[in-house]
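Student: Could we go through the strand pairing and the charged side-chain contacts together, with the criteria stated as they come up?

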Amino acid sequence: MATTIKLEGEARTEFGKGVARRLRVAKKIPATIYAGGTEPVFVTLPMRETTLAMRHTNALFTIAFGDESKMAVVKDIQRNPVKRIIEHIDFLEVKAGEKIDVEVPVFVEGTPKGAAVAFVDIQELKVRADVANLPEKIVVNVDGLTDGTKVFAKDVVLPEGVELDIDDPEESVVTVEVPEDATESTATTETAAAPAADAAAAPAADAAAAK
């Protein structure tokens, strides 16, 4: 199930950079709610609650303003590159039962076999799901997988009701392999071990020759 968050906002009728600065000083964030075929709705949202809410990926929002409310998902977030505060948010209005395309971050869990390590080839996977069932993340289990193993998009286990929506289902999502530095380290250790073994064998050989 998608994380559902309610935000209490206010309708916004003033625009411009000066207005946006005053809103941020007042601890508010300007936002726009877009809907297909109709005029967008302009609102302001409380900065603290909204900033915390943006930590959830693909959350479903109920945005209340005055006597109205809209159900929406985040379309875009504009952040100040220096202060890292949110300066503006674009939402996309959705309806109950509607399916939409979203990008979902990919994570791995488990431990591959031996010295192998799991590398995420696709940071985000595009899927299609009901707005009430938008996943926050997709987890790929790599426990016990061996060097050279690839997990393709078609093999990723998706949450119930979520469909893969990419052009190439054969695209690699996760690759399991032994890093080059690990291979080099092993080779160095073996090379160093050989002279040590020869040195240990030398006294024995000299003793045998003396006899």
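Student: Over how many bridges do E8 and strand E13 pair?

Tutor: This is a predicted model, in which local features need pLDDT of at least 70 and side-chain atom pairs count only at pLDDT 80 or more, while totals for chains, interfaces and linings use all residues. Residues are numbered from 1 along each chain as its sequence is written, and side-chain values use heavy atoms, with hydrogens and water left out. Strands are DSSP runs of E with at least two residues, numbered from the N terminus, and two of them pair if DSSP finds at least two bridges between them. Strand E13 covers residues 172–177, and its antiparallel pairing with E8 runs over 4 bridges.

Student: Which strands stand at the edges of the open sheet?

Tutor: The sheet has 3 strands in the order E8-E13-E11, with antiparallel pairing. Each edge strand has a single partner strand, so one side of it is left without a neighbour in the sheet, and this applies to E8 (117–120) and E11 (150–152).

Student: Which residue forms a salt bridge with Glu93?

Tutor: A salt bridge here is a side-chain nitrogen of Lys or Arg within 4 Å of a carboxyl oxygen of Asp or Glu. Glu93, in strand E6 (residues 86–93), has a partner in strand E5 (residues 68–79), so the pair ties together parts that are 23 residues apart in sequence. With the closest N and O atoms 3.7 Å apart, that partner is Lys70.

Student: Is Lys70 buried or exposed?

Tutor: Buried means under 20% relative accessible area, exposed over 50%, and partly exposed in between, with a 1.4 Å probe and protein chains only. Because its relative accessibility is 18%, Lys70 counts as buried.
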